[in-house]
Amino acid sequence: MLQQNANLGWRDVKEILLRTAVKNDPNDTDWTTNGAGYHINNKYGFGYVNTDAAVKLAANWTNVPAETLVIMNTTASVNLAAGQSTL
C-alpha cells in the first residue's frame, strides 16, 4: 500500500483495510452491519484483509482529514422529574 501511495498515514491505512475487508465466514450468524454500513463480527472483526483490493484502493486514495481534538469545558443543567440537577 505504501509503495502505491507513500503519503498514507496510519488512519488512512486503517480506513483502507476496513473498506476492503471481506467476510471470511459469511455463513456465521454473528455478522452485523454497523452504523457506518460495514459488516462486523465479534469473532472475526471486519473479516480478512484483501491485499489486492487494499493496494488498488491505496493507489488513488485521498487522505482522511487531519484529526481534530475538541475540548469542551461547560456545565450543563438537567431538569429531572424529581427536581433539578446540575452536571
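This is a short tour of a predicted model, stop by stop, for a reader with the structure open in a viewer.

Residues are numbered from 1 along each chain as its sequence is written. Because the model is predicted, local features need pLDDT of at least 70 and side-chain atom pairs count only at pLDDT 80 or more, while totals for chains, interfaces and linings use all residues, and side-chain values use heavy atoms, with hydrogens and water left out.

**The whole chain**

Begin with the entire protein, coloured by pLDDT, which is the predictor's confidence in each residue, from 0 to 100. The mean pLDDT of the protein is 90, and 86% of its residues reach 70 or more. Where pLDDT is low, the predicted coordinates should not be read in detail.

Switching to a cartoon view, you can follow two helices and four strands, in the order α-β-β-α-β-β along the sequence; helices (H or I, at least four residues) and strands (E, at least two) are DSSP runs, numbered from the N terminus. With a surface displayed, the protein exposes about 6,900 Å², of which carbon and sulfur atoms supply 51%, the area coming from the Shrake-Rupley method with a 1.4 Å probe. Of the 87 residues, 14% are buried, where buried means under 20% relative accessible area, exposed over 50%, and partly exposed in between (1.4 Å probe, protein chains only).

**Trp31 and Tyr44**

Next, select Trp31 and Tyr44, which form a stacked aromatic pair, 6.1 Å centre to centre with 20° between the planes. Rings of Phe, Tyr and Trp (its six-membered ring) pair if their centres lie within 6.5 Å, and planes under 30 degrees apart count as stacked, over 60 as edge-to-face and the rest as tilted. Trp31 sits in the loop between helix H1 (10-20) and strand E1 (32-33), and Tyr44 in the loop between strand E2 (39-40) and H2, so the pair ties together parts that are 13 residues apart in sequence. Trp31 is buried, at 11% relative accessibility, whereas Tyr44 is partly exposed, at 29%.

**Asn5**

Finally, move to Asn5, in the segment before H1, which counts as buried because its relative accessibility is 9%. Its side chain reaches the backbone oxygen of Ala58 at 3.2 Å. Leaving aside residues up to four places away in sequence, Asn5 touches Ala58, Trp61 and Asn63, a contact being heavy atoms within 4.5 Å.

Key: Polar contact = N/O pair within 3.5 Å; in protein donor to acceptor, adjacent residues only side chain to side chain.
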